[in-house]
Amino acid sequence: MESYPVEIAGILDTLGESISVSDTLTLTELDVGDEHFALTEPISFTVTLTNGGTGVVALGTVVANAVATCARCLIEFPLVIEADVDGYFVHPGDTENIPEEQDFAEIGAEGFVDILPEIMSALVLEAPFAPLHADDCAGICPECGADMNTEPCGCDEEPDSDNPFASLGDLLTAPAADED
């Protein structure tokens, strides 16, 4: 799906007039950086577009049910992404009084706006960059690959003497020097 046009021509002449849109969109995936989320159901959203005088404000929510891969132990788990949608639409050429940091899109010539970019931006901003199936996930052993959440690691607990950071462990057990 490349766009989700909403006709707002009916609210453009009356300050404070609103139109609400509730729907679902069938998308199969969401990519955020290197993370891939498989969407298991259509995303659902509700967006209210209100004539604010200088432009049309879009506010709402979006919910996506996905399958993510835990960044520590690599198991797949269900994830619900809930996000706030916001957007601002102005008539073409009416951008002189808009603050420089304000994001906006233009209202189409026939009184339509595309709310899909705002919906997708909300999901991307809320999706985790390093999803975890649990906050206390122990991850996998870097030596043997065992899932530390389900089984003990069979690796030797002694630090590897070839590891350049192994000597840092001595700092934790060395007695503190007396300072005069």
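I looked for aromatic pairs and the count comes to one. My rule was that rings of Phe, Tyr and Trp (its six-membered ring) pair if their centres lie within 6.5 Å, with planes under 30 degrees apart taken as stacked, over 60 as edge-to-face and the rest as tilted. The ring centres of Tyr-4 and Phe-45 are 5.2 Å apart and their planes stand at 85°, so I noted this pair as edge-to-face. The two residues are 41 apart and link distant parts of the chain: Tyr-4 is in the segment before strand S1 (5-7), Phe-45 in strand S5 (residues 43-51).

Before going on, I wrote down that this is a predicted model, where local features need pLDDT of at least 70 and side-chain atom pairs count only at pLDDT 80 or more, while totals for chains, interfaces and linings use all residues. Residues are numbered from 1 along each chain as its sequence is written, and side-chain values use heavy atoms, with hydrogens and water left out.

Next I asked myself: are Tyr-4 and Phe-45 buried or exposed? Buried means under 20% relative accessible area, exposed over 50%, partly exposed in between (1.4 Å probe, protein chains only). Tyr-4 has 15%, so I put it down as buried. Phe-45 has 3% and is buried as well.

Then I followed S5. Strands here are DSSP runs (E, at least two residues), helices are H or I runs of at least four, and both are numbered from the N terminus. The covered face of S5 holds Ile-43, Phe-45, Val-47, Leu-49 and Asn-51, and its uncovered face has Ser-44, Thr-46, Thr-48 and Thr-50.

Which strands does S5 pair with (DSSP must find at least two bridges)? I found eight bridges to strand S2 (residues 18-25), running antiparallel, and there Ile-19 has Leu-49 as its partner. Another entry: eight bridges join S5 to strand S6 (residues 56-69), also antiparallel, with Thr-50 opposite Val-57. S5 and S6 make a hairpin with four residues between them, and Gly-53 in the turn shows a positive phi of about 95°.

I also checked Asp-94, which sits in the loop between strand S7 (76-90) and strand S8 (105-106). Asp-94 is partly exposed at 38%. Its C-alpha is 8.6 Å from that of Gly-55, 39 residues away along the chain.

Last, I looked at Leu-171 in helix H2 (residues 168-173). Leu-171 is exposed, with a relative accessible area of 64%.

Notes:
Pairing = 2+ DSSP bridges.
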